[in-house]
Amino acid sequence: MRALSILLLLCLCAGVGVSLWFLTEEDAPPSPPGPQPRADAAADHVGEPAAFDQILPVAVAQPSDPAAPDAGDEESRTEALSEADLNTGPRVQVVRGPLQQPVADVVVFYVSEADAQARQRVQNLDLQRFLWPEQFGAKLRTDANGTTRLPATRRPWLVAATADGEFAFATVPPGDRTVQVPLEIDETVTVLVQTGEGTACEKAPVALLQHREGEREAATLWQMATDRQGLAVCRHFQLVRPALRGPPESERFAAALAMALPVPVVKVLPGRPTSAETVRLQMVPHTSVQVTLTDHRDRPLLSPAGVALWNERARDWKGEFPIPGGLERPRQQKPVGAFPVTFDNIGANAAIRIAARFPAASRGAMSEPHWTSHDQKEVLKVRLPLGPELALVAGTIVTADGRGFGPGVLRGCWWSAERPLAECQVSTIGDGQFDLVQGPFEGTAELWLELRADLALDFPVEQAQGQNVHPEPTTVEVGARVRMQALRAGERREVGTIVLGELPPICSGIVVDDLGAPIANAEVKLQRHEPPPPATPRQPRNGERQRDPWRDLPLLQTRTDNEGRFALHGERPTGQLRVRADSNLHFADSVPVRGPGDLLRIPLVRNGILRGRVVLPGWIADGSVTLTLRPQDESLRERDTRSVGLSRGRGGRFVLEPLRAGRYDALFVVRNVPEPLAVIGDVFVTPGECRDARLRLLDLSQSLFRYRLRAVDQSGRLLPIDGPILARVRKTDGTIADAGFRWQRGRAELITGSSLAELIAFAKGCEPQALTLGPGDHDVYLRQLNPARVNLPGLRGLVSNNHRVRVSVILTEDTGFPQWLSGTDQRTGENFTFPRWELGKSNGAWLGLGDEVDIPIARSGKYEIVLRIYATDSERSQQLSVPLGVHELRVDSASLAAVTVPIDSGKVLETLARFEQPNQARGAPQGGQPRRR
């Protein structure tokens, strides 16, 4: 019997174990499908594996170029990844060439952003982001299909791939997916710096520059000091180089010595693509300059300052490649104390000037020219005194127990009676000494300097066992006020010893939310009511808000502790006072302060935070669609309307805040389209986190339509035109609204919520083309018209060749089009405007050497003809108009006969006489830019 009981017990335990095993198997995540990392991958790891749970999110770039390939729609729409997806690492496929051929046996480096940043801090490096995987990451190799699988992660990997002189860098999102990484030709710029004798120069500062046509200065793309062999190597220059804007000939690249030299050392180099040849720069004689800032009596200054140095001769250099100001004008920050500032790499035998700026003074100090030495080992020492218009306040700051307050920083403010003049900052050295450079205040007979600081006090606490321990330091706000006569220019004012003491309380209290919970780290300010003076009353203009009469008082600001409590200390200011509290997650509010030592309670209503997700097509640019939450109460719309631009990143998730509680309408607006794409009414917002079921997942991918246009001639060739496109949009109330789009070098893209587009395309010298199109790619044929020929008999002889003449024509009839057209680029948000001559209302042409002129017009009709005569042969000189009346002009006429317009020679001669010939220099700008039509 006993054996039977034991047997039954064993069977029962086995059954429980099997049940638990089945439950465990059902709950366990499935094994990841697809190929796994090689078993020997661990041998290829560089350093320690990345910490997966500490990876920070990285924004995944989306294509913004209209010509860029469309991103994968499915990846951009992906819902929050499931646990099974997160337990499977992403796959990377390395491809090459226009056919995207997979590349086998490619080294793939990967690292998390957080891990790379931590390693960079430990190694004290400053590398570009695309260098992180190679420098800090682990590595794998691709298989025969060009694919490798990365470890599972919840945040993106930074990935780099290298193979046979090619390189690729990408950010790979987490989850079970395959990301193609295309290889590009890897470009490297190598700069060698040597002396004239061929000796390598170590620690020579080198910069790579880019200059675009029309820009005043070049931009610094990369900067580095040379190694022991005199080399500075810029790897992966194709990623350092910005994207091409405009034609290739509009930009140039160069390498330069990043030194303040009388004649910059620059060498132009090919930049797109760059050359594999080493760029050689020759070092020139250079030295160092040591600058000591002093007061008017040559006593070294303790105050911090910004110090700049530049070479006088560099201003006169007119080389072919403009140098960035930061290279020829180095700057340094002088620390607190009587320390000099040293500038290295300054050209020898050069005239230099030095300037200094101080935090509390609008003006600084400027030196006379100083000449550097021929000897590179000789350091030029310069003492730079304060300017005569500045004053200096100096003294010593101590605590109540007599210890010097230093090194430290105090908040300060200058007062005249009860009026704050300017805030400042006072920095002390170890024994509490300070000096403060300050410009004199005009119209003040007496000043007060108020200082504040947070003093950490360490109080021993008696424990139950009778032992003293030291808890976290307690911070106490201390301060002092110093009374003095008005400052005079060129004066050093000694104020002696300033003792910091505890400040009397003004008020204290607690900040809570609408549920009564305390709010930590809320900003609390004391404000005073200061209405505008009655002598200058002014009503606010349209759209202008009334001036807020409440002003923050300097130094009377604090933040709440973890329990939401605060206290403000100091001398109680006069006037009507209030305390205002604000927090990022709450709406600001205030309560009045009526007496000293008031105990206040400030309730703040929590912000409403609306979260949701909108799915957009894969080809749309981020920010092209905006979600606007508009209050249903019209009186609240100006204050409480909030908007957020939608993107495809993070699966289209958005956060809209801060929102006041109430009822709203959600409008989805496409940039540059007057009618909303969709409207969701009665969205109810409550304080705190709130969600609307209709916005949890709203798919707009099928509600947007893209039209891509190409302007062509009768042979089907692209017309590289720039001009307007008028779209007729039917609104929900049945009315028609005009929307402006544009050609850009013969191409245009329109995104609307309508599956049918009514368009009118314009181009100079072409007939306006009315179109009704469906979504997709379309060639738009623009028929070029013969211009109207106008004969102006005797005009060129009257004005001579010394005067520029523009013949303008303005259609007197209504074209049926707008007088002007404006719009916003749907991808970039750039605003543009087209005047009336772009829409066929007017046009013009320059008079040549004869009396006939061909004027391109868009339609036949009656035109007012106006002569615009310029004072000289320059288009920028002064102009005067001579009307010639209204005449019938015909466009695209079979006959080329000109329309003869008689000239009133008396009016033309009178107009020429009005130009003051002695005051009109040939080609000098007079009267601004001319109107061309």
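Two strands count as paired if DSSP finds at least two bridges between them. The views below show details of a predicted model.

**Figure 1. An open, antiparallel sheet of 5 strands.** The strand order is S4-S3-S6-S7-S9. Strand S4 (138-141) and S9 stand at the edges with a single partner strand each, so one side of each has no neighbour in the sheet. Further in, strand S6 (residues 157-163) pairs with S7 in the antiparallel sense, over 7 bridges. Within this pairing, Phe 167 in S7 is the bridge partner of Thr 162.

**Figure 2. The salt bridge between Asp 176 and Arg 149.** The side chains meet with an N to O distance of 4.0 Å. Asp 176 belongs to the loop between strand S7 (166-172) and strand S8 (178-182), and Arg 149 to strand S5 (residues 147-149), so the pair ties together parts that are 27 residues apart in sequence. Asp 176 is partly exposed, at 31% relative accessibility. Arg 149 has a value of 4% and counts as buried, because the term applies under 20% relative accessible area.

**Figure 3. The salt bridge between Glu 187 and Arg 241.** The closest N and O atoms of the two residues are 2.9 Å apart. Glu 187 is in the loop between strand S9 (184-185) and strand S10 (189-194), while Arg 241 is in the loop between helix H6 (237-240) and strand S14 (251-257); the pair therefore ties together parts that are 54 residues apart in sequence. Glu 187 is buried, with a relative accessible area of 10%. Arg 241 is also buried, at 11% relative accessibility.

**Figure 4. The salt bridge between Arg 710 and Asp 779.** The N to O distance between these side chains is 3.0 Å. Arg 710 lies in strand S50 (residues 705-712) and Asp 779 in strand S56 (residues 776-781), and the pair links distant parts of the chain, 69 residues apart. Arg 710 has a relative accessible area of 22% and is partly exposed.

**Figure 5. A network of salt bridges.** The linked residues are Arg 411, Glu 450, Arg 452, Asp 454, Glu 477 and Arg 481. Side chains of opposite charge can pair when their charged atoms come close. A search of the whole structure finds 48 salt bridges.

**Figure 6. Arg 528 and two backbone oxygens.** Arg 528 is a residue of strand S36 (residues 523-529). At 7% relative accessibility, Arg 528 counts as buried. A polar atom of the Arg 528 side chain lies 2.8 Å from the backbone oxygen of Glu 418.

**Figure 7. The hairpin of S59 and S60.** The two strands run antiparallel, and 4 bridges join S59 to strand S60 (residues 831-834). Between S59 and S60 are 6 residues, and Gly 829 in the turn has a positive phi of about 80°. Ser 822 stands opposite Thr 833 in S60. Strand S59 (residues 821-824) has Leu 821 and Gly 823 on a covered face, with Ser 822 and Thr 824 on an uncovered one. In a regular strand the side chains alternate between the two faces of the sheet.

**Figure 8. The loop that holds Gly 402.** This loop runs between strand S25 (391-398) and strand S26 (408-416). Gly 402 is exposed, with a relative accessible area of 51%, because the term applies over 50%. Gly 402 and Leu 500 are 98 residues apart in sequence, and their C-alpha atoms are 9.3 Å apart in space.

**Figure 9. The largest cavity, with about 150 Å³ of space.** The cavity is lined by 17 residues, of which Ala 763, Trp 837, Gly 840, Asn 843 and Ala 858 are the closest to its centre. The lining of the largest cavity divides into 10 nonpolar, 4 polar and 3 charged residues. The count of cavities of 30 Å³ or more in the structure is 4.

Technical notes: Residues are numbered from 1 along each chain as its sequence is written. This is a predicted model: local features need pLDDT of at least 70, side-chain atom pairs count only at pLDDT 80 or more; totals for chains, interfaces and linings use all residues. Side-chain values use heavy atoms; hydrogens and water are left out. On a 1 Å grid over the protein atoms alone, a cavity is a set of points where a 1.4 Å probe fits but cannot get out, and a pocket is an open set with protein on both sides within 12 Å along at least five of seven lines; lining residues have an atom within 4 Å of a point. Grid points are joined across faces, edges and corners, and a volume is the space filled by probe spheres set on the points. Ala, Val, Leu, Ile, Met, Phe, Trp, Tyr, Cys and Pro count as nonpolar, Asp, Glu, Lys and Arg as charged, and the others, Gly among them, as polar. Buried means under 20% relative accessible area, exposed over 50%, partly exposed in between (1.4 Å probe, protein chains only). A polar contact is a pair of N or O atoms within 3.5 Å; within protein, one must be able to donate a hydrogen and the other to accept it, and residues adjacent in sequence count only if both atoms are side-chain atoms.
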